[in-house]
Amino acid sequence: MSEVPELPEPPKSFRASAPGKVNLHLGVGEARADGYHELVTVFQAVDRREYVTLHVEDGPAVTTGSVVREMHTEFFVQRPTEDIDTPANLAWRAVDAVVDECRQVAQALPPVRIEVEKHVFVAGGMAGGSADAAAALVAAARYVAAYAGVELDRAQLHRLGAQLGADVPFCLRGGTALGTGRGDELVDMLTRGTTHWVFINPKVGISTGKAFGLLDDMRHNDPALVPHLSTNSLSQQLTRGDQDALAKSFHNDLQAAALRMQPRLQQVIGAAEETPGVLRAIISGSGPTIAALCADADAANSARASLRERFPDYEVVTAAGPSPGAQ
């Protein structure tokens, strides 16, 4: 009688990454009954990526409650003043969401520790928190597959991601995509060529919710602030790959509100657009990050150096797009 081979031990860590994003177009429609606004947006993922690792810890299996014992974030961007390594963190919540999805089968799982390597600005309008959640969903899916034999597909992760935040599904998907609804109903968009960016974080706070509310108020008094819900021109330029024409087709409805809340951002936009090699500068999402599209990689590197010299107290980095989703 032959011996039954021993099964290999499951891995002790699970690592995944997900991209930050820039909005090439952000059209804001009417407020919905659920408190969100109808959006028509074009996301592009960039290669400033967040990395999430789940480390399996020794100790008794967890049968109820969170499997997460602790969380630690290593910052490669400015550290926020508040502690973000709490159960409210989207990465922590993402792990809990995956485990809860599998609870009927995965009744006992080993505890884990979450480590995050943060390369996307905190609260900067580039979906850093959503990227953490997307990476955590993928890492957690591998963890439950290894320790409980439960396989979650991308559709299930998309559904869980949408429950965590409107940008999480795009960070799972990556590339360039049209987002509608809350921004979580996604369709891939054909894109030719590579975009090269400089991102400038002026380190000022803008509440996303307050920006949307202010835009609503501003529209009552300014008929010119109509929703821009067509992406036809942008779509055409994406397929052409002409960076100059692409830059001219960018639009962000929230920019007017962001500039009202933080007028200094106009100075940063102006300085960026005066920099050689920069084709156009816009606010990313609700801000405060300024996204400056450059002619090519060399122009982006040169512009980064110039803008760091002009704004020594700001964070200034380069990135390229489109980038893959969580993996």
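Cys102 is buried, at a relative accessible area of 3%. Cys171 is buried too, at 0% relative accessibility. Buried here means under 20% relative accessible area, against over 50% for exposed and in between for partly exposed, with a 1.4 Å probe and protein chains only. Across the whole structure, the search returns zero disulfides, a disulfide being a pair of cysteine sulfur atoms within 2.5 Å.

This is a predicted model, in which local features need pLDDT of at least 70 and side-chain atom pairs pLDDT 80 or more, while totals for chains, interfaces and linings use all residues. Residues are numbered from 1 along each chain as its sequence is written, and side-chain values use heavy atoms, leaving out hydrogens and water.

Now the fold. The protein chain carries ten helices and eleven strands. These are DSSP runs, H or I over at least four residues for helices and E over at least two for strands. Of the contacts with a separation of 6 or more, 78% join residues 24 or more positions apart. Contact means heavy atoms within 4.5 Å.

Next, overall dimensions. The C-alpha atoms fill a box of roughly 80 × 45 × 40 Å along the principal axes.

Finally, burial and surface. Buried residues form 55% of the 327 in the protein chain. The chain exposes about 14700 Å², with carbon and sulfur atoms supplying 49% of that area. Accessible areas come from the Shrake-Rupley method with a 1.4 Å probe.
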